[in-house]
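Work through the exercises below with the sequence and the 3D view side by side. Each task is followed by a solution in steps.

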Amino acid sequence: MKRIIMMTTQDILNSIGQFSDFDYELFERHSAKRILNKNEVLINEGEVCKCFYFILSGSLFQFQTCDTDEVIIDLHLQNEWMFNQQSLTEQMPSNTTIKAFSKSEVVELSLLSFHCLCSKSQSFLQFGKILNQSKNRTFIFDNSLKPKEKYSYINKSKPQLAKIFPIKMIASYLKISPETLSRVRANF
């Protein structure tokens, strides 16, 4: 039987840094839980991202639509922070859609609430760490990695990806063909 461990506010915030009981209470008052059904859209391309999301359960993905294809930009798993970075930080329309791959539960913290938290406690400035999340993606694509190196990198940084998402989605994320990914995985 699969054991489900529910994240507490302390667990969520401690993944970023050090927070006090006062901070936990503030966070709980300013955030909300949200349930998403499979294939439910959290943010549509063209909308402005106005929230940070912490994935309590489930999985989501970000994609851009090119013709009729969904080009995967990022894959998100349980116990991760997720948002469209450029849209959130610059308050401009998102160039991606964020959609639930499976039924998911997220904690939602609006940008307005985040600013309120920062005004009440300097501890929330530690959120700057999650704003730098795109470094994994940058590493994969700015270092001209070979397919085997890309797969090895994500296998080390997010080993659950291959268990949750299909090969076609992972290949799209890595910008390689599904056939190439299958060959890499066979020799891994």
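Two strands pair if DSSP finds at least two bridges between them. Helices (H or I, at least four residues) and strands (E, at least two) are DSSP runs, numbered from the N terminus. The model is predicted: local features need pLDDT of at least 70 and side-chain atom pairs count only at pLDDT 80 or more, while totals for chains, interfaces and linings use all residues. Residues are numbered from 1 along each chain as its sequence is written, and side-chain values use heavy atoms, with hydrogens and water left out.

**Exercise 1.** Find the order of the strands in the open sheet of 4 strands.

Solution. 
- Start with strand 1 (residues 31–36), which pairs with strand 8 in the antiparallel sense over 6 bridges. Here Ser 31 stands opposite Leu 109 of strand 8.
- Strand 8 also pairs with strand 3, antiparallel and over 6 bridges. Two points to check are Ile 55, whose bridge partner in strand 8 is Val 106, and Tyr 53, which stands opposite Glu 108.
- The order is 1-8-3-6, with antiparallel pairing. Strand 1 and strand 6 are the edge strands, since each pairs on one side only.
- Helix 4 packs on this sheet and touches strand 3 and strand 8; its direction makes about 60 degrees with that of strand 8.

**Exercise 2.** Describe the largest nonpolar core.

Solution. 
- A nonpolar core is a set of buried Ala, Val, Leu, Ile, Met, Phe, Trp, Tyr and Cys residues joined through side-chain atoms within 4.5 Å.
- The largest one has 35 residues, and those with the most contacts inside it include Phe 27, Trp 81 and Phe 124.
- Its largest share, 6 residues, comes from strand 3.
- Take Phe 124 and leave aside its neighbours within four places in sequence: among its contacts (heavy atoms within 4.5 Å) are Leu 13, Phe 27 and Cys 118.
- Another core, of 18 residues, lies apart from the largest one and includes Leu 75 and Ile 170.

**Exercise 3.** Which residues make the contact between helix 7 and helix 10?

Solution. 
- On helix 7 they are Pro 147, Lys 148 and Tyr 151; on helix 10 they are Thr 180, Leu 181, Val 184 and Arg 185.

Conventions: Buried means under 20% relative accessible area, exposed over 50%, partly exposed in between (1.4 Å probe, protein chains only). Axes are lines fitted to C-alpha atoms, for helices over the stretch in contact, and angles run from 0 to 180 degrees between N-to-C directions.
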